[in-house]
Protein chains: 4
Amino acid sequence: MAKRVFLVIGAGAGIGGHTAGRFARGGYHAVLARRSDEAGLTKLVEGIQEQGGKATGTLLDAAADGTIEELIDRVERDIGPIHTVLYNLGAQIGNRTLADTPHRTFELGWRLGCFGLFRLAHAVTPHMAARDNGTILVTSATAAVRGNAGQHSHAAAMGGRRMLCQTLNAEFAPQGVHVAHVVVDGSVDAPDTLGKLLGERFEAYKQAKGVDGVVDPAALAETYWHLAHQPRNCWSHEVDVRPYTDVPWWNDNPNPGIDTKPK
Amino acid sequence: MAKRVFLVIGAGAGIGGHTAGRFARGGYHAVLARRSDEAGLTKLVEGIQEQGGKATGTLLDAAADGTIEELIDRVERDIGPIHTVLYNLGAQIGNRTLADTPHRTFELGWRLGCFGLFRLAHAVTPHMAARDNGTILVTSATAAVRGNAGQHSHAAAMGGRRMLCQTLNAEFAPQGVHVAHVVVDGSVDAPDTLGKLLGERFEAYKQAKGVDGVVDPAALAETYWHLAHQPRNCWSHEVDVRPYTDVPWWNDNPNPGIDTKPK
Amino acid sequence: MAKRVFLVIGAGAGIGGHTAGRFARGGYHAVLARRSDEAGLTKLVEGIQEQGGKATGTLLDAAADGTIEELIDRVERDIGPIHTVLYNLGAQIGNRTLADTPHRTFELGWRLGCFGLFRLAHAVTPHMAARDNGTILVTSATAAVRGNAGQHSHAAAMGGRRMLCQTLNAEFAPQGVHVAHVVVDGSVDAPDTLGKLLGERFEAYKQAKGVDGVVDPAALAETYWHLAHQPRNCWSHEVDVRPYTDVPWWNDNPNPGIDTKPK
Amino acid sequence: MAKRVFLVIGAGAGIGGHTAGRFARGGYHAVLARRSDEAGLTKLVEGIQEQGGKATGTLLDAAADGTIEELIDRVERDIGPIHTVLYNLGAQIGNRTLADTPHRTFELGWRLGCFGLFRLAHAVTPHMAARDNGTILVTSATAAVRGNAGQHSHAAAMGGRRMLCQTLNAEFAPQGVHVAHVVVDGSVDAPDTLGKLLGERFEAYKQAKGVDGVVDPAALAETYWHLAHQPRNCWSHEVDVRPYTDVPWWNDNPNPGIDTKPK
């Protein structure tokens with residue numbers, strides 16, 4: 001049995017994979033779960049192992065009943081105690097008008113963006129609370145704090161997710177479980193999510209953003225590592241990250257009209 | 001056909017009923033929809049009619065597929081154009097630990113608290129946008145802006161609702177549709193919701209709060225009336241209300257320890 | 001002696017003047033204070049009187065020691081009890097780099113934007129609390145909730161002002177004093193402030209914004225009237241207003257890049 | 001000349017001293033500035049030197065004109081380039097009614113809490129921007145995000161400070177300067193600030209909070225170290241910390257009435 005386990009749900013080649021690698025280098029047994037692309041998963045797991053780390057991969061349909069629950073049970077039973085779990089599933093589908101957002105799309109957004117985290121918490125908090133120790137990291141998005149045009153499904157899911165992080169923290173912090181909600185307020189160099197969303201335009205997009213213009217998932221992994229190891233007398237609950245070239249969500253994007261619109 | 005219609009989904013004897021009465025006095029045909037208690041509904045409708053107002057009542061299971069959609073179609077076709085709709089369904093179930101919040105409870109909270117508003121918007125915004133005019137009022141709760149212990153289901157639903165109000169506003173304000181999210185940050189003198197939640201303790205609770213210690217739904221109805229009639233050059237989107245005796249959600253409740261915990 | 005007085009500090013031809021007119025029509029004796037332009041002030045006062053209202057004008061250098069305090073004393077002694085006071089002084093100076101924001105500019109911004117409200121509250125709350133009744137309306141700006149580039153002086157002053165409104169409300173709401181902080185999140189058709197800031201460009205600016213593209217101060221005056229007359233069981237503390245064509249501060253301004261920057 | 005300098009303004013035995021020690025261990029020359037207690041300052045500096053670090057101490061009246069400016073010049077000229085500066089001055093004076101908050105108290109709160117940071121930024125950003133590199137860490141308080149009863153001076157100062165951090169970030173992030181605003185939402189084991197505020201009650205207070213019930217400044221120093229070394233593609237701007245036993249500011253403190261006040 002491993003001494004302590006890091007589990008990530010949503011283990012693509014971006015944030016999930018890099019954070020798994022970081023925790024494996026730090027001595028954790030990393031368990032990587034993702035929905036599809038077994039070859040990609042194997043590549044991530046073997047990459048960690050080649051660097052001397054311990055890792056296990058598993059395919060998982062997080063939207064299906066019982067899957068997350070079964071995974072938690074299996075890891076706790078067969079691999080080791082989960083010290084840190086990263087819920088890394090997004091629900092971004094690009095900008096769509098309300099008319100172009102069917103009921104089933106809105107519901108699926110909620111299943112992945114909000115309900116899945118609820119199910120994960122249901123399954124993992126009893127283990128963590130019993131040990132008086134554990135961390136739940138949640139990758140979140142700007143849509144958790146403001147609802148832009150076209151983001152009906154995404155923002156409703158993420159807004160629910162953020163409030164859920166607060167209620168989880170309110171109940172479980174006194175039981176030793178640290179819940180951290182991280183607003184990634186910028187684009188990430190993530191081939192499996194943004195890369196697939198943009199397709200051929202991905203490289204040109206990154207070029208246009210310039211050097212350090214998109215979040216390096218390895219950098220974000222260091223922040224996750226830091227959060228998961230804050231002593232319990234000094235826990236952060238809500239953290240934001242963005243590239244230095246990006247305007248924070250609360251600021252206007254600069255535009256030619258700004259000089260004539262004093263606020 | 002009525003010249004303009006006010007529709008409320010969630011028409012109990014508290015906020016919904018009083019707001020319907022206020023709009024009826026202002027010349028609107030009020031349509032009141034609620035889930036159950038036909039006798040209570042009839043009483044509200046007849047009360048409005050006795051004061052010379054126009055009102056129609058209908059029972060509606062908002063959580064069931066197609067119901068809200070059918071209602072919107074029916075009202076627009078048979079009664080008149082919906083100028084203002086009030087989404088007044090809550091999802092408060094009291095404080096429950098995560099272990100005591102089953103999956104189906106969490107999902108039902110979302111269906112009533114968030115998905116129902118999405119369905120309503122889907123159905124009503126085409127009518128409103130076509131007329132370049134309309135108001136969607138949303139009764140919301142403190143749980144939309146912070147997640148207290150025990151509020152997993154409620155806060156996740158309300159947090160999603162708030163972000164959805166922002167995305168709806170972002171898309172539809174330029175099309176003449178005013179979306180206002182109202183955080184009711186205090187108890188309401190509402191026999192059909194808080195009254196039922198507290199049961200026999202309701203009267204004692206109100207006594208303990210003192211004169212003007214709970215929100216009078218007639219007072220809130222005036223604020224809803226005001227919001228629905230703001231000229232489009234001066235729209236409010238996020239508004240809070242509470243009794244003067246209540247501590248706003250962002251402040252601590254005063255406690256004996258406050259003098260020794262400087263922040 | 002008047003039965004009840006409405007006092008506005010910062011009575012230009014925009015928000016201040018229109019709100020004074022609204023309260024005078026509602027039966028208040030309106031007291032209008034502004035820094036300069038006695039002719040403009042007289043015009044406002046006579047305009048109210050010609051419509052049958054009661055009004056008094058006074059010039060006031062709000063940044064100078066003792067001025068606000070003396071005014072409160074004088075009004076309470078000679079005119080009547082102040083029911084509602086509107087603190088309507090802005091501190092917007094346009095966008096300036098830090099290097100172009102001298103120490104004295106930053107300090108003056110604070111004197112007008114934050115310290116003046118503190119002085120006003122010091123002077124007026126004893127009167128209001130003794131009567132267990134009163135309203136302090138505060139015209140605020142987007143800069144109270146987010147700090148854009150170039151807004152060092154303005155945002156620091158307004159951020160302090162917003163927190164001060166919260167501490168005032170926390171102390172004085174239980175004593176019957178209603179403090180309402182109103183974020184005017186858009187341009188106002190105010191000849192004495194925005195008009196002077198933009199100069200000759202003002203008319204072209206309004207044209208470019210289109211019909212209802214800037215806040216009509218008469219419309220905002222109605223919202224102030226509503227807030228000042230909410231029963232104490234249903235007070236709003238933080239309210240925002242903007243034209244329907246403006247993007248709320250929490251949303252991005254739409255730009256060509258938005259499709260390629262999913263958040 | 002040192003290769004890189006860490007400067008702290010407000011270097012007591014708590015956050016300031018521990019962060020200086022952390023950066024000295026990381027290879028920085030630490031410059032510690034505080035208002036008084038030369039013996040205490042010498043002890044901190046010698047403590048760092050005994051562990052093999054480099055440190056310099058200086059007494060500084062931050063509220064006086066020109067002092068911060070002169071210090072920045074002197075450090076840049078005589079010691080080395082400032083990589084990270086920590087503005088660690090508080091303005092907490094305990095809870096006081098408005099009547100018990102004189103004008104000069106409110107002004108002093110602003111001078112230390114807000115204006116001092118403005119002056120620091122004025123002096124240090126030209127150096128940092130010229131190098132396209134630098135970090136400004138700001139220790140902040142819960143009062144920056146909400147105004148509790150009795151906090152008039154403190155909250156107005158901190159609310160201004162937070163907005164100033166946002167405007168500084170908006171202007172200087174694109175120039176390579178990272179501004180991080182850290183809300184310390186709990187008590188800190190700081191003998192020179194909280195210790196002096198509570199006096200003899202300090203030890204009993206810490207006992208009552210329990211193990212890990214107050215923030216260990218050494219733990220916070222690690223978070224500051226992490227923030228100062230985030231790659232510029234992944235900067236955090238607003239971060240909160242608190243002990244696991246403390247209720248976050250956005251949650252109610254649990255009280256007996258919570259079951260009967262559903263929100």
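**Two chain pairs and their interfaces**

Between chain D and chain C, two salt bridges are counted. One of them joins D:Arg111 to C:Glu107, with the closest N and O atoms 3.2 Å apart. Sorted by class, the side of chain D that touches chain C comprises 20 nonpolar, 13 polar and seven charged residues.

For the complex, the predictor reports an ipTM of 0.95 and a pTM of 0.96. Chain A has a mean pLDDT of 94, and 96% of its residues reach 70 or more. One stretch of chain A, residues 255-263, has pLDDT below 50, although it has 24 contacts in the model beyond near neighbours in sequence. Where pLDDT is low, predicted coordinates should not be read in detail.

The extent of the boundary between chain D and chain C can be stated in residues and in area. The contact involves 40 residues of chain D and 40 residues of chain C. About 3,000 Å² is buried between chain D and chain C, and carbon and sulfur atoms give 70% of that area.

Symmetry is the next point to consider. In general, two copies of a chain are related by a rotation about an axis and a shift along it. For chain D and chain C, the rotation is 180° and the shift along its axis is 0.0 Å, and the superposition of chain D on chain C has an RMSD of 0.0 Å. What proportion of the interface residues of chain D are also interface residues in chain C? The proportion is 100%, so these copies meet through the same surface.

The pair formed by chain A and chain B may be described in the same order. Chain A can be laid on chain B by a turn of 180° with a shift of 0.0 Å along the axis, giving an RMSD of 0.0 Å. This is the relation of a two-fold axis. Because 100% of the interface residues of chain A are interface residues in chain B as well, the copies meet through the same surface. The contact draws 40 residues from chain A and 40 residues from chain B. The area buried between chain A and chain B is about 3,000 Å², with 70% given by carbon and sulfur atoms.

Specific interactions across this second boundary follow. Two salt bridges are counted between chain A and chain B. Among them is the pairing of A:Glu107 with B:Arg111, whose closest N and O atoms are 3.3 Å apart. The rule for polar contacts finds 14 residue pairs across the interface of chain A and chain B, both residues being at pLDDT 80 or more. On the side of chain A that touches chain B, the elements giving two or more residues are helix H4 (103-131) and helix H5 (152-172) of chain A. H5(A) gives the most to this side, with 13 residues. The residues of the side of chain A that touches chain B divide into 20 nonpolar, 13 polar and seven charged.

Salt bridges are also found within a chain. Over all chains, the structure holds 72 salt bridges. One of these lies in chain A, between A:Arg34 and A:Asp192, with the closest N and O atoms 3.3 Å apart. A:Arg34 belongs to strand E2 (residues 29-34) of chain A, while A:Asp192 sits in the loop between strand E6 (177-184) and helix H6 (194-198), so this pair ties together parts that are 158 residues apart in sequence.

Note on methods. Residues numbered from 1 in each chain as written. Chains lettered and ligands numbered in written order. Predicted model: local features only at pLDDT ≥ 70, side-chain atom pairs only at ≥ 80, totals over all residues. Heavy atoms only, no water. Least-squares fit on C-alpha atoms with pLDDT ≥ 70 in both. Contact = heavy atoms within 4.5 Å. Buried area = accessible area lost by both parts, 1.4 Å probe. Salt bridge = Lys/Arg side-chain N within 4 Å of Asp/Glu carboxyl O. Polar contact = N/O pair within 3.5 Å; in protein donor to acceptor, adjacent residues only side chain to side chain. Helix = DSSP H or I, 4+ residues; strand = E, 2+ residues; numbered from the N terminus. Nonpolar A, V, L, I, M, F, W, Y, C, P; charged D, E, K, R; others polar. pLDDT = per-residue confidence, 0-100.
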